[in-house]
Amino acid sequence: MPYSKKKVNNCLNIRDLRALARKNLPDAMFHYMDGAADDEITLARNTQAFNNYELMPNYLVDVEAVKLETEIFGQKLDLPFFLSPTGMNRLFHHEKELAVARVADSFGTLYSLSTVATSSIEEISAAIDGPKMFQIYIHKDEGLTREFVQRSKDSGFAALCLTVDVPTAGNRERELFYGMSMPPKLRYGNIIDFLKHPTWTSKLLMHPDFKLANVVARKDVIGKGVISLMDYFNTQLIPNVTWDHAQWLIEEWGGPFAIKGLLTKEDAIKAQNIGASAVMISNHGGRQLDSTPAPVDCVAEIRDAVGDDLELIVDGGIRRGTDVLKALALGANAVSIGRAYLFGLAAGGEFGVLRALSLLKDEVARGMALLGTPTVKDIGSKHVRLSKTSVKS
Ligand SMILES: Cc1cc2nc3c(=O)[nH]c(=O)nc-3n(C[C@H](O)[C@H](O)[C@H](O)COP(=O)(O)O)c2cc1C
């Protein structure tokens with residue numbers, strides 16, 4: 001049973017793609033993607049925070065040829081947004097990370113591959129020539145961390161990002177409630193749900209490639225590739241990662257380097273002082289510490305503190321082109337999307353990711369024309385202000 005391109009094309013925005021993803025996926029998979037930590041206060045805040053800002057347009061500006069080009073990590077991108085690392089994409093669609101990377105490449109933007117991906121560093125490198133970033137953790141096995149660095153270099157990755165907001169796994173209650181497992185298992189409790197999603201379930205049986213592709217060759221327990229994410233985080237990663245580890249990794253890598261998961265100006269200044277070239281202002285899409293602020297609310301303060309040299313990326317809650325514009329106007333060099341492309345992947349594989357990126361690209365281009373900003377560099381602080389009226393969407 002094929003995924004429906006017609007249904008994907010009927011989606012007019014990321015919210016529609018989310019609704020189609022919900023229909024296509026069994027509960028455990030959908031809630032693993034959509035859910036977040038504890039009471040999901042941060043998850044809600046990440047998207048709603050954008051509603052607190054107003055865009056201030058200037059008219060009678062020549063916007064006939066709007067240009068979306070942006071530079072980040074020394075790479076020229078055709079879009080001011082790129083794709084954040086997300087683990088285990090095979091859970092959402094059998095075309096998995098490879099499909100997402102191909103679409104990012106076709107849009108001329110950067111693709112980030114997660115450590116816990118179901119496609120490997122080498123597979124992604126063979127599939128696309130475009131700019132790629134590898135997302136790394138500091139593992140208890142120092143040799144494995146070094147191995148990831150070397151493999152990323154050998155495979156032509158342009159940048160490395162160290163995710164620092166996972167000193168322990170977040171408490172994601174939807175995963176526990178719906179019995180999320182890797183690989184997904186048919187059980188008495190979920191068989192009816194799986195049968196209600198025949199397309200996804202038939203692909204589960206036809207393409208059972210649910211392995212953590214980056215560690216599959218290892219002889220130890222993680223080489224089996226079937227360890228749960230929570231177990232991976234709690235058994236494989238060192239819980240006491242410090243600035244010394246980050247500095248060591250920056251030196252080991254020797255190229256464009258982002259620290260992902262910072263929210264305060266103090267930490268951004270430390271990142272700058274140890275030689276990071278970028279900070280991804282992020283709370284892991286609300287999946288780690290609940291009650292943290294929305295990344296978009298942190299960017300102006302951090303920009304003021306670090307000046308212009310450190311690249312800032314806003315990651316969290318981006319669902320509309322106007323969200324991208326607000327983040328850029330507040331001081332970000334670029335933004336990064338997670339669930340927005342995952343909803344597309346679950347809605348229709350590669351075709352769905354294409355739809356997600358097309359929608360966002362069109363929204364950004366239209367928004368720039370309406371804002372009176374023909375290039376990304378034209379977007380500045382005068383184009384945004386806090387609203388006196390709060391609106392829920
Ligand atoms: C299903 C899922 C898996 C994720 N896996 C990772 C990961 O492996 N590494 C990482 O640094 N961040 C991971 N993230 C966080 C994203 O990189 C990003 O910070 C977050 O999705 C941004 O919020 P948004 O989904 O609202 O755009 C994941 C997010 C989701 C939704």
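The legends below describe several close-up views of one predicted model.

Residues are numbered from 1 along each chain as its sequence is written, and side-chain values use heavy atoms, with hydrogens and water left out. Because the model is predicted, local features need a pLDDT of at least 70 and side-chain atom pairs count only at pLDDT 80 or more, whereas totals for chains, interfaces and linings use all residues.

**View 1**
Strand β7 covers residues 159–163, and five of its five residues are buried, where buried means under 20% relative accessible area, exposed means over 50% and partly exposed lies in between, for a 1.4 Å probe and protein chains only. Helices (H or I, at least four residues) and strands (E, at least two) are DSSP runs, numbered from the N terminus. In a regular strand the side chains alternate between the two faces of the sheet. In β7, Ala159, Cys161 and Thr163 point one way while Leu160 and Leu162 point the other way, and all are buried. Two strands are said to pair if DSSP finds at least two bridges between them. Strand β6 (residues 132–136) pairs with β7 in the parallel sense over four bridges, with Phe134 opposite Leu160. Strand β8 (residues 257–262) also runs parallel to β7 and is joined to β7 by four bridges, and here Cys161 stands opposite Ala258.

**View 1. The crossover from β6 to β7.**
Together, β6, helix α7 (residues 142–154) and β7 make a right-handed β-α-β unit. A crossover is called right-handed if, with the strands pointing away from the viewer, the path from the first strand over the helix to the second runs clockwise.

**View 2. Helix α14 and its buried face.**
Helix α14 has 12 residues (295–306), and at 1.5 Å a residue it should span 16 Å, which agrees with the 16 Å between its end C-alpha atoms; the expected span is 1.5 Å times one less than the number of residues. The buried residues of α14 are Pro295, Val296, Cys298, Val299, Ile302, Arg303 and Val306. Seen down the axis of α14, these buried residues fall within an arc of 135 degrees, so they line one face of the helix, the arc being that of the directions from the helix axis to the C-beta atoms. Among the elements that cover the buried residues of α14 are α4 (41–48), β1 (53–55), β9 (278–282) and α15 (321–329), where contact means heavy atoms within 4.5 Å. Just after α14, Gly307 takes a positive phi of about 75 degrees.

A disulfide is a covalent bond between the sulfur atoms of two cysteines. Here a disulfide is counted as a pair of cysteine sulfur atoms within 2.5 Å, and the structure holds zero disulfides. The closest cysteine sulfur to that of Cys298 is in Cys161, at 18 Å, which is too far for a bond. Cys298 counts as buried because its relative accessibility is 7%.

Leu17 is found in helix α2 (residues 14–24) and counts as buried because its relative accessibility is 0%. Although Leu17 and Leu345 are 328 residues apart in sequence, they are 9.0 Å apart in space, C-alpha to C-alpha. Leaving aside residues up to four places away in sequence, Leu17 touches residues including Val8, Cys11, Phe343, Ala356 and Leu359. One of these contacts, Cys11, is buried as well, with a relative accessible area of 4%.

Arg174 has its place in helix α8 (residues 173–177) and counts as buried at 18% relative accessibility. Beyond residues up to four places away in sequence, Arg174 touches Phe30, His31, Asp34, Gly35, Glu40 and Leu43. In the loop between α8 and α9 (191–195) lies Pro183, which is joined to Met182 by a cis peptide bond with omega of about 0 degrees.

**View 3. Two loop residues with positive phi.**
Leu60, in the loop between β1 and β2 (70–72), has a positive phi of about 60 degrees although it is not a glycine, and Leu60 counts as exposed at 91% relative accessibility. Ser291, in the loop between β9 and α14, has a positive phi near 80 degrees and is partly exposed, with a relative accessible area of 47%.
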